[in-house]
Amino acid sequence: MITGAVLGALVSISSVGAGAIGVTALVLLYPRLAIARIVGSDIAHAVPLTLAAGFGHWMMGSINSQILVSLLVGSIPGIVVGSYTAVRVPDRVLRFSLAAVLVVVGCRIFL
């Protein structure tokens with residue numbers, strides 16, 4: 001519950017990404033769980049969390065509709081492809097891919 005509270009605050013304040021921090025926390029908390037299950041659980045958590053944070057920003061008028069539509073148009077096909085792929089790729093490959101993405105994102109934050 002503490003992890004969820006921290007994620008909620010960080011997503012609302014910084015848009016750091018419920019997935020990036022959430023999946024990292026879940027991997028640390030449940031290292032033996034299959035990555036596809038961790039990712040699925042994180043997405044099931046991130047969707048309502050992100051919707052709540054997005055609704056708050058919408059009510060404050062801090063959303064750019066053009067950017068939102070553009071992101072959705074690209075994201076929806078990506079979700080379908082990613083979901084289909086995640087359950088068919090070996091766990092070891094998913095763990096490496098996830099780690100690589102998180103390292104790149106972490107490096108980009110500091111550069």
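Arg-32 is placed in the loop that joins helix 2 (18-29) to helix 3 (35-60), where helices are DSSP runs of H or I with at least four residues, strands are runs of E with at least two, and both are numbered from the N terminus. With a relative accessibility of 84%, Arg-32 counts as exposed, a term that stands for over 50% relative accessible area, whereas buried means under 20% and partly exposed lies in between (1.4 Å probe, protein chains only).

This is a predicted model, in which local features need pLDDT of at least 70 and side-chain atom pairs count only at pLDDT 80 or more, while totals for chains, interfaces and linings use all residues. Residues are numbered from 1 along each chain as its sequence is written, and side-chain values use heavy atoms, with hydrogens and water left out.

The chain has five helices and zero strands, and buried residues make up 14% of its 111 residues.

A search of the whole structure finds one aromatic pair, for which ring centres of Phe, Tyr or Trp (its six-membered ring) must lie within 6.5 Å, with planes under 30 degrees apart counting as stacked, over 60 as edge-to-face and the rest as tilted. Phe-55 and Trp-58 form this edge-to-face pair, at 5.8 Å centre to centre and 65° between the planes. Because they are three residues apart in helix 3, Phe-55 and Trp-58 are separated by about one helical turn.

| Residue | Relative accessible area | Class |
|---|---|---|
| Phe-55 | 46% | partly exposed |
| Trp-58 | 56% | exposed |
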